[in-house]
Amino acid sequence: MHRPTALGGALAALATAAAGVLVAAAVSTTPAAAATAGTGTGYLHTSGNKIVDSTGATVRLTGINWFGMETDNKTFHGLWSSNPWRGQLDTMARLGYNTLRIPYSNDALKPGATATGINDFVNPDLVGLSPLQILDKVIDYAGGKGMRVILDRHRPTSAGQSPLWYTSTVSEATWIADWKMLAQRYANNPTVIGADLHNEPHAEGTNPAATGACWGCGDTARDWRLAAERAGNAILGVQPNWLIFVEGVSCPSGGLSNVWDNDPSNDEDCGWWGGNLSKAGQFPVRLNVANRLVYSPHEYATSVYHQAWFDDPTYPANMPAIWDRYWGYLHKQNIAPIMMGEFGTTLQDPKDKVWLQNLMAYTGTGVTGMSFTYWSWNPNSGDTGGIANDDWTTINQAKQDILQPYLIPPTGGGGNPTPTPTGTGSPSPSPTTPAPSGGCTATYKQVNAWQGGFQGELTVKNTGTAALNPWSATWTWPSGVTLASGWNATVTQSGTTVTAAAPGWAASLAPGASVTVGFTANGTAAAPGAVKLNGTAC
């Protein structure tokens, strides 16, 4: 998560500790479809202060954090809720979040790591999977919606954050080896665009006895800039197409100022953990592959820590100069792109609403604005709350309204809402919906079953000669079988008839193409009957 460094004050630091080296073969994952808007086409690289795609088109990442894999659960939080994991991603994409930043700890990568906190009734397809296997599924589904993924080494262990990128039990070698494993695992999947090397390096110890992360001090044991180069270059040696996201520190010296010693030489300008990139212009991160570096500061409001600048009589007019000093100059001087990896607030203090409105305005509008991933989707972030409310289904509209003008939906992700349906009422077919001239075929697979319910997949193929746009499939179930959740379509039920309507991100079904609609249902397991595609029996 995130914590500030108080000027001249010690911090309640989140703890940290260990993990082991994981060696894994690359897995086969489904590459993201070539995008034409939102998140671009192919792998991304940088050009001055812009992120661009493989065609040179400018891309703005407007994303969100979904945390949990860095905690004791070792997988995404909210999997315990009544909203299936696909339904949550559907909502993120529909709202306009085109990128998913996924925090993890090295504990979650260990052989034998176990994911916990999963509602197996709602998410039966995740039962028995390892944290990495669940990550694979989330990446594949997000990629299918045109979203991009940034992996964030958030903590060495699930116990908490660390000021340095290594601890007494998690070595630098482990940190780098795990990064290389992940780079290899997703080497052929352009959904995964890069590595946020270590979350929130920060000061520890009181100057002049600093023991925390410094920037440009030259001490290889503490200089975060040098460590970022070592890890970044190791990753690029495995996957040269990845972006390398480098956060700032809190105090460039790596130590907290001692304001009580009456020695101003020990006092310096400190900021948020991971948020101070004031020395990056003088001491830039040097990577072996050009055009791969993105600086990624963190920025927070009073609900996280009440910094002195919030009480300035000119607030909020004082804030742009502060942002300029810590990290904005890198964008304004065309040195490198900025991707704010974390920023958030509960909005409980009126100052925080003003802060968020002004911060978003500072990033700029449209595709040329600075990139960002909001903290967080999760409602259980104690000092910020989330975009999702406590039910993990409905959203905090007050926050969303401020962010919305700056969001660039993933390719196809800004279409019709595709939340996981729970109500009744089947939408009427559009009168302009074409019928499949030639027919269709349908195949059914029962994936799982349990007492009182089951999970299935219905694959429908357009065997006609014309594309169906939009497509819509219907089927019937015996009386007593009721829909619990659905994905890859907007699935609803009315009586014994179920309708799977095309989602906005995949409205068209080409000739010869097929779509697989997944669902869970309550009642005795039963295959769909009387399957139709756009009104034609399959």
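**Close-up views of a predicted model**

**View 1. The contact of helix α5 with helix α6.** In α5, the residues M319, P320, W323, D324, W327, G328 and K332 meet W355, N358, L359 and Y362 in α6. Divided by class, the residues of this contact of α5 with α6 comprise 7 nonpolar, 2 polar and 2 charged. The model shown here and in the other views is a predicted one. Helix α5 covers residues 319-332 and helix α6 covers residues 350-363, and the two pack at an angle of about 30° with their axes 12 Å apart. Because angles under 35 degrees count as roughly parallel, α5 and α6 are therefore described as roughly parallel to each other. The crossing that α5 makes with α6 is right-handed.

View 2. The loop between α5 and β11 (339-340) contains N334. Although N334 is not a glycine, its phi is positive, at about 60°.

**View 3. The packing of helix α1 on helix α2.** Helix α1, made of residues 85-95, packs with helix α2, made of residues 131-144, at an angle of about 40°, and their axes are 10 Å apart. That angle makes α1 oblique to α2. The crossing of α1 and α2 is right-handed. From α1 the contact draws on W85, R86, L89 and D90, and from α2 on K137, V138, Y141 and A142. By class, the contact of α1 with α2 holds 5 nonpolar and 3 charged residues, with no polar residue.

**View 4. The open sheet of 5 strands.** The strands of this open sheet follow the order β18-β19-β16-β21-β22, and their pairing is antiparallel. At the edges stand β18 (490-494) and β22 (536-537), each with a single partner strand, so that one side of each is left without a neighbour in the sheet. Strand β21, residues 529-533, pairs with β22 in the antiparallel sense over 2 bridges. K532 has A537, in β22, as its bridge partner.

**View 5. The open sheet of 4 strands.** In this open sheet the order of the strands is β14-β15-β20-β17, again with antiparallel pairing. Its edge strands are β14 (440-450) and β17 (482-487), each of which pairs on one side only. From one strand to the next, the twist averages 25°. Strand β15, residues 453-462, and strand β20, residues 514-522, pair in the antiparallel sense over 9 bridges, and F454 stands opposite A521 in β20.

**View 6. Two cis peptide bonds in loops.** The peptide bond from N207 to P208 is cis, with omega near 10°, and P208 is found in the loop between β7 (192-196) and α4 (224-238). A cis peptide bond also runs from N469 to P470, with omega near 0°; P470 is found in the loop between β15 and β16 (472-476).

View 7. Over the protein the mean pLDDT is 86, and 86% of the residues reach 70 or more. Over residues 2-36, however, pLDDT stays under 50, and for this stretch the model has 121 contacts beyond four places in sequence. Over residues 412-436 pLDDT likewise stays under 50, with 60 contacts beyond four places in sequence in the model. Where pLDDT is low, the predicted coordinates should not be read in detail.

How values were computed
Residues are numbered from 1 along each chain as its sequence is written. This is a predicted model: local features need pLDDT of at least 70, side-chain atom pairs count only at pLDDT 80 or more; totals for chains, interfaces and linings use all residues. Side-chain values use heavy atoms; hydrogens and water are left out. Axes are lines fitted to C-alpha atoms, for helices over the stretch in contact, and angles run from 0 to 180 degrees between N-to-C directions. Angles under 35 degrees count as roughly parallel, over 145 as roughly antiparallel, 65 to 115 as roughly perpendicular and the rest as oblique. A crossing is left-handed if the near helix is turned anticlockwise from the far one by less than a right angle, and right-handed if clockwise. Contact means heavy atoms within 4.5 Å. Ala, Val, Leu, Ile, Met, Phe, Trp, Tyr, Cys and Pro count as nonpolar, Asp, Glu, Lys and Arg as charged, and the others, Gly among them, as polar. pLDDT is the predictor's confidence in each residue, from 0 to 100. Two strands pair if DSSP finds at least two bridges between them.
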